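Thank you all for coming. Please take a moment to look at the sequence and the structure on the screen before I walk you through a few places in it.

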Amino acid sequence: MKKNSELLNFIIIGILNTLIGTMIMFIAYNIFKLGYWLSTSLNYIIAGTFSFYANKTYTFKSEGQVLKRIVFFILTVLICYLISFNISKGITNCINIQNIKLKENISMIMGMIVYTILNFILQKTVVFRKDKE
């Protein structure tokens with residue numbers, strides 16, 4: 001039962017995290033005209049911070065080694081972001097759409113999908129891995 005509640009909490013926090021990050025990213029890009037790189041970066045920094053503390057507290061109920069987990073989390077976020085950014089940007093560049101704004105919005109959505117999958121795997125197996133007792 002514990003594994004099911006961990007997964008359910010991770011999904012709920014992930015949904016909240018995605019809503020927060022998506023709103024930040026699209027508002028920053030489309031309303032404040034902050035540009036692709038800055039808008040996506042703000043998404044992952046702010047939503048990532050929420051995700052770390054929420055998953056640490058509610059999903060994995062992780063205690064101790066906070067500094068180690070923060071370092072792993074930051075590395076995980078950076079790795080996931082760079083991989084998702086490059087994959088989505090590369091794929092989007094192959095799409096024959098003339099509207100740059102539409103292409104970059106599609107790229108942001110694709111990047112979020114890649115990021116989410118990678119982030120789940122790394123948070124579960126690296127950041128909040130249960131230490132052997």
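Let me start with N119, which counts as buried because its relative accessibility is 6%, where buried means under 20% relative accessible area, exposed means over 50%, and partly exposed lies in between, with a 1.4 Å probe and protein chains only. Not counting residues up to four places away in sequence, N119 touches T76 and C80, a contact being heavy atoms within 4.5 Å.

Before going on, a word on what we are looking at: this is a predicted model, in which local features need pLDDT of at least 70 and side-chain atom pairs count only at pLDDT 80 or more, while totals for chains, interfaces and linings use all residues. Residues are numbered from 1 along each chain as its sequence is written, and side-chain values use heavy atoms, with hydrogens and water left out.

T76 and C80 are among the buried residues of α3, which also include Y81, S84, F85 and S88. Against which helices do the buried residues of α3 pack? They pack against α2, residues 36–59, and α4, residues 100–127.

The structure holds one cavity of 30 Å³ or more, and about 40 Å³ of space lies in the largest cavity. By cavity I mean a set of points, on a 1 Å grid over the protein atoms alone, where a 1.4 Å probe fits but cannot get out, and lining residues have an atom within 4 Å of a point; grid points are joined across faces, edges and corners, and the volume is the space filled by probe spheres set on the points. The lining of the largest cavity consists of Y36, T40, Y44, Y81, S84, F85, S88, M108 and G111, and the elements that give two or more residues to that lining are α2, α3 and α4. The largest share, four residues, comes from α3.

One of these lining residues is T40, which is found in helix α2 and counts as buried because its relative accessibility is 3%. Leaving aside neighbours within four places in sequence, T40 is in contact with M25, Y81 and M108. T40 and M25 are 15 residues apart in sequence, yet 5.5 Å apart in space, C-alpha to C-alpha.

Key
On a 1 Å grid over the protein atoms alone, a cavity is a set of points where a 1.4 Å probe fits but cannot get out, and a pocket is an open set with protein on both sides within 12 Å along at least five of seven lines; lining residues have an atom within 4 Å of a point.
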